[in-house]
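Thanks for coming. I have one structure to go through today, so please look at it first.

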Amino acid sequence: MTDNTLQPKDKLVADLKVVVADAEELLAATAQSTGEKVAELRERLQENLRNARYRLADAEAALRERTREVARATDDYVHEHPWKAIGVAAGVGLLVGLLIGRR
């Protein structure tokens, strides 16, 4: 798995954290509101937030574990094939240098 596939997951986790924080702020702002319908909506929102927090924690843990696995696999590959890794890194560096030089 490349770094590019991890970035959208990181963004998703960050976006979910923002949504949870905004919902918690909304709950705090409507704490003084009364009425049966408002109370029911607040209760349902709190339950959904609790579930979202648990899923978010699970997603973060899975993301951390997958990142560790990728790092271990990369480390193992580099130790088993050091010259190949150096060649690939040099090639990528050359391509990036050429692309940056064209700007």
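Predicted model: local features only at pLDDT ≥ 70, side-chain atom pairs only at ≥ 80, totals over all residues.

Start with helix H2, residues 36–80, and helix H3. H3 covers residues 82–102. The two axes approach to within 5 Å, with a crossing angle of roughly 110°. H2 is therefore roughly perpendicular to H3, since the band for that label runs from 65 to 115 degrees. On the H2 side, the contact comes from Tyr77, Val78, His79 and Glu80, and on the H3 side from Pro82, Lys84 and Ala85.

Next, the salt bridges; the structure has 4 of them. One pairs Arg50 with Glu47, at 2.8 Å from N to O. Both residues sit in H2, 3 residues apart, or about one turn of the helix. Arg50 is partly exposed at 36% relative accessible area, and Glu47 is partly exposed at 35%.

Which residues does Glu65 bridge to? One partner is Arg68, with the closest N and O atoms 3.5 Å apart. Arg68 and Glu65 are again 3 residues apart in H2. Another is Arg72, where the closest N and O atoms are 3.7 Å apart. Partly exposed applies to Glu65 at 32%, to Arg68 at 44% and to Arg72 at 45%.

Last, the surface patch. Val88, Val92, Val96 and Ile100 make a nonpolar patch of about 350 Å². Ile100 belongs to H3. Is Ile100 buried or exposed? Its relative accessibility is 57%, so Ile100 counts as exposed; the threshold is over 50%.

Conventions:
Residues numbered from 1 in each chain as written. Heavy atoms only, no water. Patch = residues over 30% accessible without salt bridge, like charges linked within 9 Å, V, L, I, M, F, W, Y side chains within 5 Å. Areas by Shrake-Rupley, 256 points an atom, 1.4 Å probe, with all protein chains shown as cover. Salt bridge = Lys/Arg side-chain N within 4 Å of Asp/Glu carboxyl O. Helix = DSSP H or I, 4+ residues; strand = E, 2+ residues; numbered from the N terminus. Buried < 20%, exposed > 50% of the residue type's maximum accessible area, 1.4 Å probe, protein only. Axes fitted to C-alpha atoms, helices over the stretch in contact; angles between N-to-C directions. Parallel < 35°, antiparallel > 145°, perpendicular 65-115°, else oblique. Contact = heavy atoms within 4.5 Å.
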